[in-house]
Amino acid sequence: FPRERSYGVQSYDRTHVANLSWNYMVPDLTKSESGFLKGLLNGWQLSGISNFSSGIPIRISLSGDLPSDAMQRAWFGTDDVMGETPGSAPTAIYTCNPQTTNTDVGSKLLDIGCLSLPTFPNTGNFMPQYYMRTPARNTHDLTIFKNFGLGGSKRLQIRAGAFNIFNQAFPTYNIGFNDLDLTLQTTCNVRVLGVPNGAGGTTDVCDPQGGFSFTQQSLDNFGKIISKRGRRIIEFAVKFYF
């Protein structure tokens with residue numbers, strides 16, 4: 001268990017988080033004696049909350065033939081190996097930063113061309129050397145209040161609020177949703193047929209020295225943004241203070 005396999009950015013890490021809340025009582029816009037103008041122009045109030053945060057860390061691991069128990073025994077002499085996730089060693093090799101600037105549904109956030117597979121008996125990076133995350137996100141809420149004086153301590157307040165006012169959506173990952181295709185399926189290049197299985201029969205065995213490849217499914221879809229989450233919510237309310 002190399003110690004390097006136990007260190008890395010936690011899945012719940014958000015390197016930067018900033019929350020801003022504000023409230024503004026708009027000064028009276030008229031001193032007219034007209035009750036209509038006072039009711040229309042005076043008594044306005046604005047309130048808002050803005051959130052800015054770094055994206056969610058992306059951790060990828062191999063699946064398919066390469067990280068199977070049989071291959072881990074071939075690589076390490078045991079299948080009790082800790083990789084990027086439990087039981088997923090060997091790991092991928094990063095030849096460049098796979099992160100792109102794409103953010104649209106159907107586009108690829110990660111480029112599989114920056115990933116390759118180790119040759120026997122080598123392994124890839126214990127932890128990615130690149131700062132891979134989902135896109136940074138920001139949301140803004142705004143509420144507008146209108147207060148009507150009704151004499152004494154009584155007043156009527158009408159409010160309209162918009163949560164996520166700009167209707168922004170972002171891909172979510174690793175907190176119950178999988179809006180990214182992070183499947184790195186591998187397949188064995190060379191198989192030896194008819195190997196005795198020790199029980200009177202035969203089986204087909206992968207020869208790790210022949211190498212491994214990504215499946216066509218992974219080549220076509222790895223890193224693709226499947227969906228994004230987020231919506232604008234509008235709320236109307238009336239309050240009576242007395």
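**Burial, bonds and pairing in a predicted model**

User: Why is Cys114 called buried?
Analyst: In this predicted model, Cys114 has a relative accessible area of 5%, and since the word buried is kept for values under 20%, Cys114 is counted as buried.

User: What makes Cys96 partly exposed rather than buried or exposed?
Analyst: The relative accessible area of Cys96 is 28%; buried would require a value under 20% and exposed a value over 50%, so Cys96 falls in between and is called partly exposed.

User: How do you know that Cys96 and Cys114 form a disulfide?
Analyst: Their sulfur atoms lie 1.8 Å apart, and because a pair of cysteine sulfur atoms within 2.5 Å is taken as a disulfide, the two residues are assigned as joined. The torsion about their S-S bond is about -95 degrees, so this disulfide is left-handed. Both Cys96 and Cys114 sit in the loop between β4 (93-94) and β5 (115-116), 18 residues apart.

User: What makes the link of Cys188 and Cys206 a disulfide, and which hand does this link have?
Analyst: The S to S distance is 2.1 Å, which meets the criterion of within 2.5 Å and therefore qualifies as a disulfide; with 90 degrees about the S-S bond, the link is right-handed. Cys188 belongs to strand β8 (residues 184-188) and Cys206 to strand β10, so the pair ties together parts that are 18 residues apart in sequence. Both of these cysteines are buried. The structure holds two disulfides, and when the bonded cysteines are numbered in sequence order, the pairing reads 1-2, 3-4.

User: Which residues of helix α2 are buried, and why are they said to line one face?
Analyst: In α2 (residues 69-76) the buried residues are Met71, Gln72 and Trp75. Viewed down the axis of α2, these buried residues fall within an arc of 100 degrees, so they line one face of the helix. They pack against β10 (202-206) and β11 (212-214), and just after α2 comes Gly77, with a positive phi of about 80 degrees.

User: What makes β1 and β12 edge strands?
Analyst: The open sheet of five strands has the order β1-β2-β6-β7-β12, with antiparallel pairing, and β1 (17-25) and β12 (233-241) each pair on one side only.

User: How do you know that β2 and β6 are paired?
Analyst: Two strands count as paired if there are at least two bridges between them, whereas ten bridges join β2 (residues 44-53) to β6 (residues 137-149), and the two run antiparallel. One example is Ser47, whose bridge partner in β6 is Thr143.

Notes: Residues numbered from 1 in each chain as written. Predicted model: local features only at pLDDT ≥ 70, side-chain atom pairs only at ≥ 80, totals over all residues. Heavy atoms only, no water. Buried < 20%, exposed > 50% of the residue type's maximum accessible area, 1.4 Å probe, protein only. Helix = DSSP H or I, 4+ residues; strand = E, 2+ residues; numbered from the N terminus. Arc of directions from axis to C-beta. Contact = heavy atoms within 4.5 Å.
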